[in-house]
Amino acid sequence: MISRGIASLAKGMEALINFEDVTAHNIANVTTAGFKRTNITFQNILNSKVEAKNALGIKTEAGSLSIGPRVDRTYIDFSQGGLMESNNKLDVAFQGDGFFKVRYQDIPDNAPYDERNYYYQRTGNFALTDDNFLVNKDGDYIMDVQNRRIRITRDPDSQDKNEMNRLEVEKDLIIAENGQISLNNPNFSANLQKIQICDFEDKTKISGVGEAKYLPIYGQNPGVYTKQDGTFSLQQGKIEMSNANTIKEMLNSINISRGYESMSTILKTESETLGQGIALGNISR
């Protein structure tokens, strides 16, 4: 029974270490724009039945005894993060569910379609390249509803790289709630491309790959689809912040530390008791 107690404590301490790793990751990203916190769930390992004899000597089930907890699964909490004003017209924040579809910068336009050339993100702090393509902070391209790179210029077919013209474009830029990009000033107005907004039928089948980027888990189909107007809202000039709460995560970390210390103390006592029992057994031989 003592050895079973030691095994249960060891499993519990291992589970708390995993919980602390997840919590530390959340704390490290409380200021990361678009970050979604990770949650963790646990389950008991092999609940054993405990039997007892009644007054007639008949065995009856008295209950069950857990051998200890283990991590059941980790999952991403995709709840809404707070919106922060940035006053940058190239910044876009989500209100509601959805992801931007992004293509790696080294994939040519004429490459055959391959889902592995893309990833998804919530973060909308964008910029323009020298030739006026809309990119994220890593230089990867934001896709439109026709799965093309988005080029923000008065004449998308022109190769003009005039810096002053680009600044005018940024000044006159409008990104509507449905992702439609347009230019509007007293002398010129035009509808340009429309940002593609995607979502997943089963978000448990996608995973984070760092820096608030997401990909389908290898070998699984999360059911990616393009969202329709009215099912999301984009807010220009704002950034969605992390949904990890500093106070909540710090409280989790404190409770984990206290639980681990308590288990360590009990484990030490159990180990000493077991050692004394072994010593007495050797003396009695």
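A salt bridge is taken here as a side-chain nitrogen of Lys or Arg within 4 Å of a carboxyl oxygen of Asp or Glu. The model is predicted, so local features need pLDDT of at least 70 and side-chain atom pairs count only at pLDDT 80 or more, while totals for chains, interfaces and linings use all residues. Residues are numbered from 1 along each chain as its sequence is written, and side-chain values use heavy atoms, with hydrogens and water left out.

**Figure 1. Salt bridge between lysine 213 and aspartate 138.** The closest N and O atoms of the two residues are 2.5 Å apart. Lysine 213 belongs to strand β17 (residues 213-216) and aspartate 138 to the loop between β10 (134-135) and β11 (141-142), so the contact ties together parts that are 75 residues apart in sequence. Helices (H or I, at least four residues) and strands (E, at least two) are DSSP runs, numbered from the N terminus. Lysine 213 counts as buried at 13% relative accessibility, and aspartate 138 as partly exposed at 28%. Buried means under 20% relative accessible area, exposed over 50%, and partly exposed in between (1.4 Å probe, protein chains only). Through shared partners, salt bridges join Lys137, Asp138, Glu211 and Lys213 into one network.

**Figure 2. Salt bridges of arginine 37 and arginine 103.** The whole structure holds 15 salt bridges. In one of them, the side chains of glutamate 249 and arginine 37 meet at 2.6 Å, N to O. This pair links distant parts of the chain, 212 residues apart: glutamate 249 is in helix α3 (residues 246-283), and arginine 37 is in the loop between α1 (2-28) and β1 (38-44). Glutamate 249 is buried at 0% relative accessibility, as is arginine 37 at 7%. Another salt bridge joins aspartate 109 and arginine 103 (2.7 Å, N to O); arginine 103 is buried, with a relative accessible area of 5%.

**Figure 3. Aromatic pair of tyrosine 120 and phenylalanine 200.** Rings of Phe, Tyr and Trp (its six-membered ring) pair if their centres lie within 6.5 Å; planes under 30 degrees apart count as stacked, over 60 as edge-to-face and the rest as tilted. Here the centres are 5.1 Å apart and the planes stand at 80 degrees, so the pair is edge-to-face. Tyrosine 120 lies in strand β8 (residues 118-121) and phenylalanine 200 in strand β15 (residues 197-200), 80 residues apart. Tyrosine 120 is buried at 1% relative accessibility, and phenylalanine 200 is buried at 3%. Phe78, Phe99, Tyr120, Phe200 and Tyr214 form one aromatic cluster.

**Figure 4. Charges over aromatic rings, at tyrosine 118 and phenylalanine 133.** A charge sits over a ring if NZ of Lys or CZ of Arg is within 6 Å of the ring centre and within 35 degrees of the ring normal. The charged end of lysine 101 is 4.5 Å from the ring centre of tyrosine 118. For arginine 149 over phenylalanine 133, the distance is 3.9 Å.

**Figure 5. The largest nonpolar core, with 22 residues.** A nonpolar core is a set of buried Ala, Val, Leu, Ile, Met, Phe, Trp, Tyr and Cys residues joined through side-chain atoms within 4.5 Å. Phe100, Leu134, Ile152, Ile181, Ile195 and Leu234 touch the most other members. Two or more residues come from each of β6 (92-95), β7 (99-103), β12 (173-175) and β13 (180-185). Apart from this core lies another, of seven residues, among them Phe99, Tyr120, Phe200 and Ile206.
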